Amino acid sequence: MTANTAIDARHVSKTFSNYAALRDVSLEVRQGELIALLGPSGSGKTTLLRIIAGLDRPDLNPDTLVIVDGENIAERPASQRRVGFVFQHYALFRHMSVFENIAFGLRVRPRKQRLTEPALRKRVNDLLELIQLTRWSSHLPEQLSGGQRQRVALARALAIEPSVLLLDEPFGALDAKVRQELRKWLRTLHQRLPVTTVLVTHDQEEALEVADRVVIMNDGRIEQAGSPDEVFHRPASEFVLKFLGNVNVFHGRQFVRPHELDIDRAGYDDTAIAARIQRIRSAGPLVKVELDGKSGESITVELTHERYRQLGIQADEVVFVRIKARVGSEFFPARNNHRTPTAETVFDRL
């Protein structure tokens, strides 16, 4: 463990009955870092978060450590850990105003640790300004939108000045537009208030957009940890590659992402393959083209709208699919043709 380590979880396992939720997981989080635990349901990400929070206890193992700010807190109850926890469904007190919800953790501190009333009010008002809800301080949670409620939940967790902030699918109950807005807000908030943060999510876009580092989990283990760029462009395993967005599989074992492919009307070299267009989806920032290849494999290609208009392609048309800026690709073996064939000719011959 280095001097700037905020969380150091070592050899953590957790079994529920006969189900192994975590299998000897070790994770180190640096001070001020925002990491995302990303994975499908049942991968162990929430269990790991709850163990750090003290809401669950790891299996008994002499090698297991859960160190936060240099102290082993593996046996310490949640109430004695300086950890802020934000749930997916807000968990706000319905009968309390926004102000009192944020102030709650400060008011229930042991008497010797409590702030004076003026200091408490300043702390809460500063947070209200930070989350841009000063006007709503006297409102009840039911009078707020879902996004506003989640900001109140975050402010309540931050009010106690936690060593680490733990977020369990905090935007999962919100619609897509609000989720996107809150992701940007959380990133900005973290830059202004760089508390060490662990975010659990199953949303790949959310993790890649918000986190400094992404930890991808599967079947109770860590598959890969790295920057968003590293895990997306240099996946350590087949699982990571497939989990982080769509992927095309060629010849059973070769993988190419949809944005790495292009479409042409003619096979300018022997590295392209003929495929028939099945469906075109043009709604959104990219045009998604679904095709059937020569051996019946499903292929998805993502084109810019400019490229799509330039090609003028239509459903049921036969075209050539190739990897961008590559010659002699291992994914598209050469056919030793010495002329430029049409796509229809090649497809009919295959």
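Start by selecting helix α4, residues 146–159. This helix has 14 residues and reaches 20 Å from its first C-alpha to its last, close to the 20 Å expected at 1.5 Å a residue. The expected span is 1.5 Å times one less than the number of residues. Helices here are DSSP runs of H or I with at least four residues, strands are runs of E with at least two, and both are numbered from the N terminus.

Before moving on, note that this is a predicted model: local features need pLDDT of at least 70, side-chain atom pairs count only at pLDDT 80 or more, and totals for chains, interfaces and linings use all residues. Residues are numbered from 1 along each chain as its sequence is written, and side-chain values use heavy atoms, leaving out hydrogens and water.

**Stay on α4**

Is α4 enclosed or open to the outside? Of its 14 residues, 12 are buried, so the helix is largely enclosed by the rest of the structure. Buried means under 20% relative accessible area, exposed over 50%, and partly exposed in between (1.4 Å probe, protein chains only). Colour the buried residues, among them G147, V152, L154 and L158. Now show what covers them: the cover includes β6 (83–86), α2 (98–107), α3 (117–130), β7 (164–168) and α5 (176–192). After α4, click on E161, where phi is positive, near 55°.

**Select β9, residues 213–218**

Strand β9 is mostly covered, with five of its six residues buried. Which strands does β9 join? Strand β3 (residues 34–38) runs parallel to β9, joined by four bridges. Find I35 and look across to R213 in β9. Strand β10 (residues 221–226) runs antiparallel to β9, with five bridges. Here M217 faces I222 in β10. Two residues lie between the strands of this hairpin, and D219 takes a positive phi near 55°. For all such pairs, DSSP must find at least two bridges between the strands.

**Select the four-stranded sheet**

Next, show β2, β1, β4 and β5. In that order they form an open sheet with antiparallel pairing. At the edges stand β2 (19–30) and β5 (71–72), each with a single partner strand, so one side of each is left without a neighbour in the sheet. Helix α1 (residues 45–53) packs on the sheet and touches β1, β2 and β4; its direction makes about 60° with that of β2. Axes are lines fitted to C-alpha atoms, for helices over the stretch in contact, and angles run from 0 to 180 degrees between N-to-C directions. Zoom in on β1 (residues 5–16) and β4 (residues 65–68): four bridges join them, antiparallel.

**Select the five-stranded sheet**

Now show β13, β17, β14, β15 and β16. They form an open sheet in that order, again with antiparallel pairing. The edge strands are β13 (261–264) and β16 (298–303), each pairing on one side only. Neighbouring strands of this sheet are turned by 45° against each other on average, direction ignored. Inside the sheet, β14 (residues 273–281) and β15 (residues 287–293) pair over six bridges, antiparallel. Look for R279, opposite E290 in β15.

**Zoom out**

Finish with the whole chain. Its secondary structure comes to 10 helices and 17 strands. Along its principal axes the C-alpha trace spans about 85 × 50 × 35 Å. Buried residues make up 48% of the 350 residues.

Terms used: Contact means heavy atoms within 4.5 Å.
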